[in-house]
Every structure is written in C-alpha cells, then in structure tokens.
Amino acid sequence: MNTILRKIFGYRGLKIIVPLLDLIIIYMTYMLAFYILKDDLDNFTINYNAFWATLPFIIIAYLVLSHIFELDKPKDFSFFGIGYTVSLAIISLLFCTMAISFLVREFAFPRSILLIASAAQIVGVTLWHLFANRMFFRLHKGRSVLVIGYEKSQPLAYKLLESKGMWSNLKHVCSPDHPNVYNYINECDVTFLTEDITEDQKQTLVLYCIEGNRTVLYQPKNSEILQFNANFLQIDDSPVLDVRELGLGQSNEFLKRVTDVILGSLALIIFAIPLVIVYLMLKIGGGSAFYVQERITRDNRIFKIYKFRTMVENAEAMSGPVLAQETDKRITKLGHILRATRLDEIPQIYNILVGDMSIVGPRPERPFFVGQFCEEMPEYNLRHRVKAGLTGLAQVQGKYNTSVRDKLKYDLLYINGYSYALDIKLIMQTLNILLRKSSTEGVKTVTELEKEVEDLTRR
C-alpha cells in the first residue's frame with residue numbers, strides 16, 4: 001500500500017495528479033457557481049456557452065500559473081502558507097480569465113460566476129494541496145540521510161536538521177575517507193555529497209550509489225554551474241560541450257529594460273501613497289527618512305542605492321560595515337515593520353527607473369564586502385555581468401540569511417539560465433515570499449542543532 005501511495009504522491013505522481021485534480025476542482029466550482037445563480041442569470045444558455053468557449057484558455061492559463069507559483073511541487077508550508085500561494089494563483093487566474101473573455105469576445109461570461117467560482121477555488125484547491133503535501137512529506141520524511149564531506153558537511157547537515165522537512169532524518173555525517181562510508185551509504189536511503197570533496201571521490205561515490213540504486217544528491221561547485229545549459233556538439237566522431245557565454249544578449253537587455261521602465265512606473269503610482277506615509281512617519285520619529293549607501297552593479301559600477309531607514313541613525317559609525325544579524329539591536333521598531341513588509345525597498349523604484357538596477361537580478365552588495373567575497377570566491381565577480389536587482393533567484397529560492405556562497409550559486413544559475421520568462425516567473429514568485437519570515441531574518445548564530453550535528457560527526 002505504501003509503495004502505491006509513494007508512486008501517487010511522489011515527485012512524478014504529484015506533477016500529474018496535483019494539476020489534474022486542480023483542474024477538476026476549478027471545473028466543479030464553475031458548475032457550482034452556475035447552479036447557485038441558475039435562476040438569477042438573464043440568459044443561462046448564452047452565459048453557459050460563453051464559459052465553455054473560454055474553458056480551454058482557462059485550463060492553459062492555470063497550468064502556466066500553477067508552474068509559476070510552483071504548485072506542481074511539494075512544499076512543506078503551513079496551512080496559511082499554502083492558502084496564500086493558492087490565493088495568489090487563483091486571483092491571477094481570475095484576472096487572466098477576465099482578460100481572456102474579453103480577447104475572445106465572450107462578453108456573456110458573467111463576472112458573478114467568476115467571483116463565486118474563484119472564492120470556491122481558493123478553498124477547494126487549498127484543502128487539496130494541504131492534503132497532497134502532507135501525504136508527500138508523511139511518506140518521505142522517514143527516509144534516513146547521510147552527509148559526506150569535509151568542512152562543508154556540518155553546515156549542510158545543520159541546514160537539513162533545521163528545515164525539519166523530508167531530509168531532516170539525519171543518521172550520519174562523515175568524510176569520504178571514513179572506513180565505514182560505504183556501510184553508511186547502504187544503511188541510509190539518501191546520500192548528500194558536499195562540494196569540498198575531490199572530483200575523483202565524487203565520481204567514485206556517485207557511481208557506487210548508482211550501481212546500488214541509492215539516491216544521491218551533491219552540491220555543485222561554481223565551476224560546474226557555469227557548465228549548465230551547455231550545448232552538445234560533435235567534432236568528427238567526438239562529443240563536446242559548448243559552454244555558453246555568461247551574460248545577456250542585446251535583445252534580452254532591451255526587453256528587460258522596457259519591462260523595468262513599465263513595471264517601475266506602475267509601481268511608483270501604486271506605492272505613491274505608502275511612500276508618502278512611511279516618509280512622514282520616519283520624519284516625525286526624528287532623523288533622516290532615507291538611507292543612502294554605495295552598492296555595486298553591472299561592470300562593477302558603483303551607484304547609490306536608496307532605502308527607507310530601518311536602523312538607528314549612523315548605525316555603523318562606530319563598528320564599520322557589518323552584515324545584519326538575526327537579533328540586531330540597531331533595527332528600530334518601525335524598521336522591523338518596514339523590513340517584514342518590504343516597504344523599506346520602495347525607494348529603489350527610483351534606482352530601477354534611472355537604470356542603476358533592474359527589477360530582477362543579483363542583489364547589489366557594498367564595495368567593502370565585494371572585495372572580501374572576491375578574494376574568497378573568484379567567481380563572485382561574475383555576478384556583475386548583469387545589473388543588480390530588486391529581487392532575484394537567491395531571494396525567491398533562498399532566505400535573507402542564506403550564506404553568501406549559496407547566494408552566489410543562485411546568482412550564477414540565474415545568469416547562466418537567463419530567459420525573459422524566468423524574469424516574469426521570479427517577479428510573480430516574489431509576491432509569494434513577502435510574508436515568509438525567513439526571507440527577512442538576519443545572519444543566524446550558533447544553535448543547539450549545530451551541536452547535534454557535531455555529535456553525529458563524532459560517531
């Protein structure tokens with residue numbers, strides 16, 4: 001029975017079953033809405049036919065939105081987290097459906113039907129996704145995990161434990177030279193390899209896991225990320241990979257800039273009132289309202305970034321440049337609210353409109369830290385092949401306190417796999433992380449979980 005359930009609620013099963021059930025729920029909610037309003041519609045037949053004419057476009061639109069908001073992937077979210085994501089997808093579908101009904105000239109599609117169906121869809125799809133996600137993690141959370149590596153093994157093990165997700169059943173942490181490493185692989189369901197093991201060790205361990213039908217995952221090195229999306233070529237009878245140039249083409253640059261100007265202008269109109277309110281609150285509280293700081297963007301050009309001040313005045317006058325901590329006493333009470341709601345980022349609309357930044361791209365860093373990071377990670381300077389951004393892959397997929405090394409990997413993945421569709425997807429996904437607490441937390445300090453990892457390493 002568990003084997004059947006694992007196939008249904010596994011990664012592949014969910015990619016088929018979840019969207020299929022979503023579409024059934026969406027269809028049933030429309031039928032429910034028509035049933036509720038059957039006596040109130042002026043011309044039921046015309047209205048019903050308009051729905052059927054629009055339905056194929058609704059299906060396509062939802063499948064696209066479901067992929068954008070990653071509803072086709074298992075997420076270990078709370079009921080609120082799932083409901084919030086589903087609500088964003090369904091509200092987006094509502095606007096898409098209204099636009100579709102206008103474009104295909106089906107004006108008889110009642111707005112009352114749309115509103116009732118959308119409300120029912122939020123409830124129905126949320127409950128279904130909550131059940132599907134809980135089933136997925138219940139069936140997979142018990143899988144035992146092994147982490148193999150050197151210095152990188154403990155930080156990775158700590159993240160697995162901290163996530164409390166499907167990879168948190170950690171059994172062993174060891175080096176590739178450990179005498180029992182192969183016994184541990186056989187004993188555990190999943191093996192993680194960290195990026196600091198040698199290429200020979202990685203190939204040997206991966207081959208052993210594949211031959212034994214064991215699940216193996218490994219952290220990619222920055223150099224490996226640069227080889228992703230390489231094109232296959234054949235030179236005579238020899239296969240070779242053509243590593244693509246890192247950066248954006250002129251057409252993508254132009255389209256990206258047009259999008260920045262249009263969306264930036266709309267954002268300025270939408271956030272005009274909140275901008276004024278926050279400005280007045282900061283001025284009434286005393287001190288300057290804006291915080292101006294030097295950051296680095298494309299081609300290592302230094303520019304001045306604008307944010308609403310969230311810390312006490314002259315917070316770094318004594319300490320010098322310091323990264324924000326998880327419990328940072330420099331942040332004011334109002335600053336905590338501004339950071340949690342991302343309202344402190346509103347002034348960066350100006351940076352986007354003048355061309356210093358883009359809406360999507362690697363987050364800009366200060367010259368002081370860029371110099372340090374480039375010494376530690378030579379590939380760090382490659383993130384400056386594109387403009388700095390207000391949001392990015394590292395912000396959507398990672399956390400505020402994600403390590404600089406991991407954020408760099410996300411940035412390189414974004415640049416190397418760039419497409420205009422990816423930008424649109426990240427812009428919409430940014431809405432999904434606004435209420436995620438971890439997205440605004442500072443750098444974390446040592447916890448008891450790290451001690452637990454140390455105990456596992458000593459075994």
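**Exercise 1. Locate Ile 262 and decide whether it is buried or exposed, or in between.**

Step 1. Ile 262 belongs to helix α10, residues 250–270. Helices here are DSSP runs of H or I with at least four residues, strands are E runs of at least two, and both are numbered from the N terminus.

Step 2. The relative accessible area of Ile 262 is 48%, so the residue is partly exposed. Buried means under 20%, exposed over 50%, and partly exposed in between (1.4 Å probe, protein chains only).

The model is predicted: local features need pLDDT of at least 70, side-chain atom pairs 80 or more, while totals for chains, interfaces and linings use all residues. Numbering starts from 1 along each chain as its sequence is written, and side-chain values use heavy atoms, without hydrogens and water.

**Exercise 2. Classify the ring pair of Tyr 30 and Phe 109, and say which parts the pair ties together.**

Step 1. The whole structure holds 22 aromatic pairs. Rings of Phe, Tyr and Trp (its six-membered ring) pair if their centres lie within 6.5 Å; planes under 30 degrees apart are stacked, over 60 edge-to-face, the rest tilted.

Step 2. For Tyr 30 and Phe 109, the centres are 6.0 Å apart and the planes stand at 55 degrees, so the pair is tilted.

Step 3. Tyr 30 is in helix α2 (residues 11–36), and Phe 109 is in the loop between α4 (79–103) and α5 (111–140), so the pair ties together parts 79 residues apart in sequence. Both Tyr 30 and Phe 109 are buried.

Step 4. Ring pairs join these two to a cluster that also includes Tyr 27, Phe 34, Phe 44, Tyr 48, Phe 51 and Trp 52.

**Exercise 3. Find where Asn 213 and Asp 299 lie, and state their phi.**

Step 1. Asn 213 sits in the loop between α8 (199–211) and β4 (215–218). Its phi is positive, near 55 degrees. Asn 213 counts as exposed because its relative accessibility is 72%.

Step 2. Asp 299 sits in the loop between β7 (290–296) and β8 (302–308). Phi of Asp 299 is positive, about 60 degrees. With a relative accessible area of 61%, Asp 299 is exposed.
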